[in-house]
Amino acid sequence: MCGIIGCVGRGDETLDTLVHGLSKLEYRGYDSAGVAMSGDRLSLCKKSGKIDDLREALSKTSLSGSVGIGHTRWSTHGPPTDANSHPHQDCKGDVAVVHNGIIENYQSLRDELVAAGHTFTSDTDTEVVPHLIEDALADGADPEAAVRRAIAQLEGSYAIAAVVAGTDAIFAARHDSPLVLGLDGGATYLASDVPAFRDFTDKVVYLSDGEFARLDASGWEVTDSDGVRVEKDVDTVEWDPEETGKSGYDHFMLKEIHEQPRALRQCLRERVDEMAGAVDLDDLGDLSPTGVQFVACGTSYHAALYGAQLFREAGIPAQAFLASEYATSVPPIGDALVVGVTQSGETADTLSALRAAQKRGARTLVVTNVVGSTAARECDHAFYIRAGPEIGVAASKTFSSQLAALNLLTLGMTNSDDAREVINGLRELPGDLQRVLDESRAEEVAEMYTDAGAYFFIGRGLQFPVALEGALKMKEITYKHAEGFAAGELKHGPLALVTSETPVFAVVIGDDEKARKTVGNVKEVEARDAPVVAITDGQTDVHRYADHVLEVPETHERAAAVLANAHLQLLSYYTAAKLGRNIDKPRNLAKSVTVE
């Protein structure tokens, strides 16, 4: 959700380092931003709007201090105003706090603090924290003890960083929201995500739930809730900092769409034995599931639907659940393997679902993009999609990499009759996808339907999740109404919405029964004067009933789903561009949803 940055040891460069870090985290929240610097006194500047608005405000003020914290906000409690922006302070202005998450008992804490004489200036849940620290300091606690005492009173999810006037240190703690340290010789960084400091260092330390960190001029220390030192591993981030730049593209999303061939190569590398027609998953051990339950949200849920069908086709009972529903109403698990699909590995609903499954004794595996993420650490097994950093809020290359990874998992865990054919399709996938990206007519089609009242997407089998994902992308970045349907469901209600003003995008792959039935559904909407755009490999005669055709190379239907999805990503992108939308930062959305 929100983005946190902290810095110790950069001297006069501290403020610039904080603002640079915030610019790298703006994909996590962009309603407002602010920084606080601590030395002999505390100085602070915060502003609603984007990072550029904060930069302008900073140019008119002077902040000083040897350590600092910063924050970019995605609103949960209170609208995006200057007052609700982070950091928040206590009554005396000696404490500043930034926070990601939701403090569930904030109202009762706030009531107690108001009754004790504290004055609040915002609508946020976060503001209780500096006042709690203020009370502890007034009782004689030293700054670290005061922060610990305040955090012990909180219920909910949080990643918190605090500074106190007169103390050249940052104090931080996490529970259900990510925090990571960056180590750079004499400088130490704190952030909610690695891109905040990746330009300075590739050495990282991931904090776990319940851990507390102190950063000061002498270095860093991590302790548990009782103050006992915790030995932490120092990991190395493999991706290059340039991967978080736009590389000449107008938007991160377009860049990441075009990075998909490379992301797929990374996902498949050293995992496929093409000569033997087999997949190597030795690092996961022998899972041999008798059943699989997927839990995921958003785009990852669409990947989970695809993965569940792969397992069912291989003879393994499998279902995909929305993680938010699974966590609050856990179905019978038995001896099923529970697989979480989450790009960040920090998605709150998915983590809750996985934890609920673990409490029932289930084995858990996460399919994720982020090494060292909470899900990767907590699950019994982790399978990395290796897509590289994704900055655009709307997922693109991570979805295609998830589909590839789920193919590998299925092939590695089951005995598939067409394993060699699938592997051949996966081997050709990066090249086929590059061809689609180079030749797609999606921009031309987008031009024709920018003014449409609504958009419908249909598909069957493995193409149904692609239809859902196509609709989600359209909704996310164009703000236009879009829906995805299993093609056969059109006649059971949604057909009432189809008119000459509602283009229908039909994914038709192969020439089997599913494809032929989808062509029949295309005829149904054509009869209602709806414009039809077919995404197809040309094996049926759907082109006869379509107004436009977006072609994919003929390949295995599993790989074809990835190719069809690329056309739909470009379609949404160009529609949003023509509408003038903020494509990388769509309204009301954030990249990593770390609150439930």
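**Ground rules.** I number residues from 1 along each chain as its sequence is written, and side-chain values use heavy atoms, with hydrogens and water left out. Since the model is predicted, local features need pLDDT of at least 70 and side-chain atom pairs count only at pLDDT 80 or more, while totals for chains, interfaces and linings use all residues.

**Entry 1, the cavity.** I looked for cavities (on a 1 Å grid over the protein atoms alone, sets of points where a 1.4 Å probe fits but cannot get out) and found 2 of 30 Å³ or more.

I then listed its lining (residues with an atom within 4 Å of a point); among them are Arg460, Asp512, Lys514 and Glu557. Strand 24 (504-508) and helix 16 (513-526) each give two or more residues, and helix 16 has the largest share, 3 residues. Helices (H or I, at least four residues) and strands (E, at least two) are DSSP runs, numbered from the N terminus. By class I get 5 nonpolar, 3 polar and 4 charged residues, with Ala, Val, Leu, Ile, Met, Phe, Trp, Tyr, Cys and Pro as nonpolar, Asp, Glu, Lys and Arg as charged, and the others, Gly among them, as polar.

I checked helix 12 (residues 397-413) against helix 13 (residues 419-439): they pack at about 155°, axes 11 Å apart. Axes are lines fitted to C-alpha atoms over the stretch in contact, with angles from 0 to 180 degrees between N-to-C directions. The pair is therefore roughly antiparallel (angles over 145 degrees). Asn407, Leu408 and Leu411 in helix 12 meet Ala419, Val422, Ile423 and Leu426 in helix 13, contact meaning heavy atoms within 4.5 Å. I count 6 nonpolar, 1 polar and no charged residues there.

Note on methods
1 Å grid on protein atoms, 1.4 Å probe; cavity = no way out; pocket = protein on both sides within 12 Å on 5 of 7 lines; lining within 4 Å. Points joined across faces, edges and corners; volume = space filled by probe spheres on them. Parallel < 35°, antiparallel > 145°, perpendicular 65-115°, else oblique.
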